[in-house]
Amino acid sequence: MIYADNAATTKVSEAALAAMLPCLTQVYGNPSSLYAFGQSAKEQLEDARARIARCLHADPKEITFTSGGSEADNQALRTAAALGAKKGKKHIISTAFEHHAILHTLDALKKEGFEITLLDVHENGLITAQQVAEAIRPDTALVTVMFANNEIGTVQPIAEIGAVCREKGVLFHTDAVQAAGHLPIDVQAMQIDMLSLSGHKFHGPKGTGVLYARKGIRLENLIYGGAQERNKRAGTENLPAIAGMAAALEESVAHLSETTEKLIRQRDRLIRGLSEIPHSTLNGDAVHRLPSNVNFCFEAIEGESLLLLLDDKGICASSGSACTSGSLDPSHVLLAIGRPHEVAHGSLRLSLGEDITDDEIDYLIASVKDVVTYLRNMSPVWRSLNEGKQPFVLP
Ligand SMILES: *Cc1c(COP(=O)(O)O)cnc(C)c1O
């Protein structure tokens with residue numbers, strides 16, 4: 001099997017597992033208990049916090065553990081909304097192609113009286129700091145722009161956006177779930193006020209994440225109860241998962257430059273191979289993209305059928321076609337970059353793991369070529385395109 005869906009989730013690394021096991025069976029005390037056994041769990045918790053902080057160039061006090069990226073996103077937006085509302089600022093700027101953890105929270109805030117500006121994303125899957133600067137108003141409470149897109153992998157000019165927001169005195173949050181462990185992150189140099197990450201996207205376990213919030217930002221609770229996480233996130237800390245996440249992040253960051261170099265080479269080999277398929281196109285900028293992400297649209301192809309036939313060949317991949325979720329709408333990300341509906345349905349995302357081999361890249365290329373040819377040969381749409389009865393959308 002070739003697992004090429006690492007943007008959806010990743011395998012827990014050996015280092016993460018090794019860090020988790022003792023917390024499950026040996027240091028299993030409650031970090032809030034006062035006896036020494038509980039306090040050793042507390043020490044492990046604070047050690048994980050310090051190590052994660054170091055990876056982000058943050059202070060440990062700025063790190064809050066959550067149940068994952070979705071919760072961190074929700075808490076960041078709720079925090080900014082509450083702070084803004086106190087000052088009568090009820091305008092939030094974001095982009096049209098954020099993760100649903102952001103977009104659906106913004107929908108909820110809109111119902112509560114916030115005004116939301118979603119910036120248009122260019123056809124290359126990027127926005128500019130200029131767009132952000134132009135959208136900021138005196139009543140803007142927050143700018144939230146994702147670091148890297150989970151579908152098309154494009155990487156936004158985060159430091160430039162951070163500089164604009166800092167200069168204008170507006171809070172800046174970034175959903176860095178796809179970036180953490182995969183791209184260098186420095187919250188100070190990039191002038192990021194809040195940042196979300198998730199353990200399972202970089203070989204940590206599922207169900208654990210981090211909200212970084214710059215010193216002085218008073219977090220809004222989503223969950224009330226005990227005094228954990230400085231009173232800002234109640235519930236007994238998931239120490240095994242947190243320790244695993246810290247180990248996974250440290251390991252990823254330590255090997256970042258080698259894995260980046262290797263993956264970019266393999267990604268570009270895959271892109272070159274798939275570009276040979278006629279009437280196909282790469283989604284998202286070829287340079288400003290995650291080293292692991294390849295996303296294509298193929299004309300006259302249904303994403304669902306593509307995935308099923310690739311599954312038969314032992315390939316785990318993903319598509320922007322949303323039929324699985326019971327909706328006929330294709331991916332909001334592909335629509336945001338201007339792909340027409342019929343083309344957006346025929347998309348394929350391959351997100352590579354660090355251990356992928358060149359042979360596997362070649363197998364991916366050959367398999368996708370086979371499957372696309374097979375499906376097109378059966379497709380009435382493909383026939384009418386070829387007979388000139390309707391024009392091709394993709395060159
Ligand atoms: C996966 C993902 C999330 C959600 O993270 P969970 O830990 O699964 O809740 C949020 N944003 C982006 C960009 C993601 O890729």
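Biologist: Let's start with Arg 51: which residue does Arg 51 form a salt bridge with?

Modeller: Keep in mind that this is a predicted model. In it, the closest N and O atoms of the pair are 2.8 Å apart, inside the 4 Å cut-off for a salt bridge. The partner of Arg 51 is Asp 47.

Biologist: And how far apart are Arg 51 and Asp 47 in helical turns?

Modeller: Both sit in helix 2, which covers residues 36-56. Because they are four residues apart there, the separation is about one helical turn.

Biologist: Is Asp 47 buried or partly exposed?

Modeller: Buried would need under 20% relative accessible area, and exposed over 50%. Asp 47 has 36% relative accessibility, so it counts as partly exposed.

Biologist: Next pair: what parts of the chain does the salt bridge of Asp 193 and Arg 214 tie together, and how many residues apart are they?

Modeller: The two side chains meet at 2.6 Å, N to O. Asp 193 lies in the loop between strand 6 (171-175) and strand 7 (194-198), while Arg 214 lies in the loop between strand 8 (209-213) and helix 7 (239-254). So the bridge ties together parts whose separation in sequence is 21 residues.

Biologist: Which of those two partners is buried, and which is partly exposed?

Modeller: Asp 193 has 2% relative accessibility, so it is the buried one. At 29% relative accessibility, the partly exposed one is Arg 214.

Biologist: How many salt bridges does a search of the whole structure find?

Modeller: The pairs of Arg 51 with Asp 47 and Asp 193 with Arg 214 are among them. Searching the whole structure gives a total of 20.

Biologist: What about Asp 5 and Arg 349: how many residues apart are they?

Modeller: They form a salt bridge with closest N and O atoms 3.0 Å apart. Asp 5 is in the loop between strand 1 (2-3) and helix 1, and Arg 349 is in strand 12. Asp 5 is buried at 13% relative accessibility, and Arg 349 is buried too, at 8%. This pair links distant parts of the chain, with a separation of 344 residues.

Biologist: Which residue in strand 10 stands opposite Ser 280?

Modeller: Strand 9 and strand 10 (residues 293-298) run antiparallel and are joined by three bridges. Opposite Ser 280 stands Phe 298.

Biologist: Over to strand 2: what is the bridge partner of Phe 65 in strand 8?

Modeller: Strand 2 and strand 8 run antiparallel, with four bridges between them. Within strand 2 (residues 63-66), Phe 65 points one way along with Ile 63, while Thr 64 and Thr 66 point the other way, and all are buried. The bridge partner of Phe 65 is Val 210.

Notes
Residues are numbered from 1 along each chain as its sequence is written. This is a predicted model: local features need pLDDT of at least 70, side-chain atom pairs count only at pLDDT 80 or more; totals for chains, interfaces and linings use all residues. Side-chain values use heavy atoms; hydrogens and water are left out. Two strands pair if DSSP finds at least two bridges between them. Helices (H or I, at least four residues) and strands (E, at least two) are DSSP runs, numbered from the N terminus. Buried means under 20% relative accessible area, exposed over 50%, partly exposed in between (1.4 Å probe, protein chains only).
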